[in-house]
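Take a look at the model first.

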Amino acid sequence: MEAPSIAAQKEVRQPSSPGRLASIDALRGFDMLMIAGGGQFISTLGGKTGIPFIDAIAAQFEHPAWNGFTFYDFIFPLFLFLAGTSLAFSVTGGLAKGIPPSVIRNKVFKRMLILIALGILDKNAPMDIFDPAHIRYGSVLGRIGLAAFISAILYMKFGTNQRLYIGAVILVAYYLIVLLVPVPGFGAGDLSFEGNLVGWIDRNFMPGILKQGTYDELALLTQFPAICLTIFGTVAGDALLKESDSGAKVGRLFAFALAGIVVGLAWNFVFPVNKHLWSSSFIMLTSGMAFAMLALFYWIIDVKGHHKWAFFFRVIGLNSLVIYLAVRFVDFNESSRLLFAGIYKHAPENWHEVYNTLGGFVLVWLFLYFLYRQKIFVKV
């Protein structure tokens, strides 16, 4: 008997096109909030209030110099993870409608190319296209596009457990390569800023310029562990799509969360949590946190039905690409200064930056709310 096609297998797994979950949009909006000015606003509160708790929160919005972890390190991994979760819904929905896997693959491939191009523009504007040696090719958007493309292929070819194994193998292989492959002048297993294998590969094989000079955290070798975040995101998507009841969905997500956090913290003893290296322990820790955040948002919004508080975040999450590029090319903080400086100039001077940043973020949200009311949602 002929084996069922990939599309047929997916239709058996999810016979109807899945609906959009408000919790995913809200969590993506929360994530983009940190990128679009929320994180900067919290950071500016440090040392202003005289309240130790506020200072501690503000300190979580600064990246560590090398090893270590703050909440700000979680922002980009969470977006990669959610890209995988959304991918599971979109691919399953497409297959349920009878769209051939090849069509879906081509669409995701084109999306990857567009995101790579937008990412290069984002990191290099104004860009001298006649001087390619001085262009930075590694980018956030490019990494999202590549991770989504690879994850889409894996999603249409392998089941949930198989993709978990693939992610685990990639992370173990990455750890062993970084640990065992000698770096000229430093030897094997050097995880320092100067002597790590990731930086050596970037310096010798990555074209263009590197963000940190001696390496680029968005360049070559770190692509492999980063993809695992999106792979694990598709696993979360399957948990939401396949489980029979909401309690089972939440329980499965929290189980993955606990496993990821425990493994990440344990792995930290031999492979330190490090965002610059995208270390395997960093991937597991942030994956676990992402599973937990998704479970919490899903339980509150989609299970308990508490939607109103999430509207603020959904407005942002529904146009994440727009706001990511808008805050790069539009100076909302300068607009805030022009509009509000006449008011906040009467406050103590050390608070001017705080109020200006808050004003800039308000303008960002109002811009997104305008798009929302006009039903303008830009997707790639």
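A charge sits over a ring if NZ of Lys or CZ of Arg is within 6 Å of the ring centre and within 35 degrees of the ring normal. Arg 143 does this with Trp 278, lying over the ring face at 4.9 Å from the centre. Arg 328 lies over the face of Phe 329, with 5.5 Å to the ring centre.

A note on the source: this is a predicted model, with local features needing pLDDT of at least 70 and side-chain atom pairs counting only at pLDDT 80 or more, while totals for chains, interfaces and linings use all residues. Residues are numbered from 1 along each chain as its sequence is written, and side-chain values use heavy atoms, leaving out hydrogens and water.

Now for ring on ring. Rings of Phe, Tyr and Trp (its six-membered ring) pair if their centres lie within 6.5 Å; planes under 30 degrees apart are stacked, over 60 edge-to-face, and the rest tilted. That rule gives 31 aromatic pairs. Here are two of them:

| Pair | Centre distance | Plane angle |
|---|---|---|
| Tyr 175 and Trp 267 | 5.8 Å | 75 degrees |
| Phe 311 and Tyr 372 | 5.2 Å | 80 degrees |

Tyr 175 and Trp 267 are edge-to-face. Tyr 175 is in helix α7 (residues 160-180) and Trp 267 in helix α10 (residues 246-267), so the pair ties together parts 92 residues apart in sequence; helices are DSSP runs (H or I, at least four residues), numbered from the N terminus. Tyr 175 is buried (under 20% relative accessible area; exposed is over 50%, partly exposed in between; 1.4 Å probe, protein chains only), at 16%. Trp 267 is buried too, at 15%.

Phe 311 and Tyr 372 are also edge-to-face. This pair links helix α12 (residues 311-317) with helix α15 (residues 352-373), 61 residues apart. Phe 311 is partly exposed at 29%, and Tyr 372 is partly exposed at 24%.

Conventions: Helix = DSSP H or I, 4+ residues; strand = E, 2+ residues; numbered from the N terminus.
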